[in-house]
Amino acid sequence: MTDKADSSLARMLSVLDLFSDQRLHWNAEDISEALGVSLPTSYRYVKTLSDAGLLRRGPDAQFTLGPRIVVLDHYIRQADPVLQRGIPFMRELVNQTGFDCVVSGLYGDQLLDTHREYGSMPADLSYGRGRPRPLFLGGAAKVILAGLPPPQLHRLLDSHVNEVAAAGLPTDWPAFRRYYSQIRKDGHYFSNGELEANLAAIAVPLYQLDGSVIGALSLVTTVQRMAVIDLSKLTPLIQRAAQEISARLH
């Protein structure tokens with residue numbers, strides 16, 4: 001009975017996974033079809049989630065994500081150890097460089113920015129807190145994946161081989177692993193128009209005490225502004241900040 005209840009709960013919570021940039025509104029009929037459940041079950045799911053504030057019903061019987069998620073995001077920010085310890089160092093980097101400073105993390109198979117400090121000329125970023133970024137493009141993605149254990153990195157390759165190919169990366173495991181091993185050895189990654197054509201970034205990893213990667217710290221600006229910057233001087237600044245943040249996580 002417990003397994004059945006757990007399965008039903010997991011199926012109900014999977015309703016939340018249906019929402020995306022491509023589709024922000026769902027009705028009970030479409031949820032029923034998407035999840036392969038009966039219409040009465042779908043109605044039960046949306047009622048329970050709506051009562052919990054996780055969904056909100058519109059006047060046309062279309063459901064959107066609910067206000068409780070906004071409240072939960074506030075609590076997530078307050079409890080995030082990287083933000084608790086890292087924001088002062090991010091602000092210092094912004095003051096030193098004038099660039100935007102962004103912290104990112106890998107959650108399951110999703111790469112998310114969790115905080116951004118704005119520089120003197122804020123970059124026009126397409127991605128922000130809560131919007132998943134491509135796994136294989138950009139500085140933050142590269143340094144985070146470079147810090148993963150080989151089995152986890154191998155699984156990502158197997159699960160996203162088409163995305164890997166689209167990013168121009170090798171799809172055979174030995175070459176794929178060598179690519180990321182070199183990034184880990186370098187300790188940073190410079191992205192120039194890779195994720196967004198007009199933006200450049202330098203990213204470094206954030207590590208926990210056990211040596212596992214917990215996220216990435218990036219300085220972001222336009223390609224034009226970055227072109228006149230001495231990277232040999234910029235890189236140590238962000239590396240020192242990342243080391244300070246990582247040390248305080250311990």
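**Two pockets in a predicted model**

Author: The largest pocket lies between domain 1 (8-67) and domain 2 (80-248), because both give residues to its lining. The domain bounds come from an automatic or database domain assignment. This is a predicted model, where local features need pLDDT of at least 70, side-chain atom pairs count only at pLDDT 80 or more, and totals for chains, interfaces and linings use all residues. Residues are numbered from 1 along each chain as its sequence is written, and side-chain values use heavy atoms, with hydrogens and water left out.

Reader: What makes a residue part of a pocket's lining?

Author: A lining residue has an atom within 4 Å of a pocket point; a pocket is an open set of points on a 1 Å grid over the protein atoms alone, where a 1.4 Å probe fits, with protein on both sides within 12 Å along at least five of seven lines. For the largest pocket, 27 residues line it. L65, I69, G130, R131 and P132 lie nearest its centre.

Reader: Which elements give two or more residues to that lining?

Author: They are strand 2 (63-65), helix 4 (68-79) and strand 4 (110-117). Helix 4 gives the most, 5 residues. Helices (H or I, at least four residues) and strands (E, at least two) are DSSP runs, numbered from the N terminus.

Reader: What lines the second largest pocket?

Author: Its lining has 18 residues, with G105, L106, Y107, I214 and G215 nearest its centre. Strand 3 gives the largest share, 5 residues. By class, 11 are nonpolar, 6 polar and 1 charged.

Technical notes:
Ala, Val, Leu, Ile, Met, Phe, Trp, Tyr, Cys and Pro count as nonpolar, Asp, Glu, Lys and Arg as charged, and the others, Gly among them, as polar.
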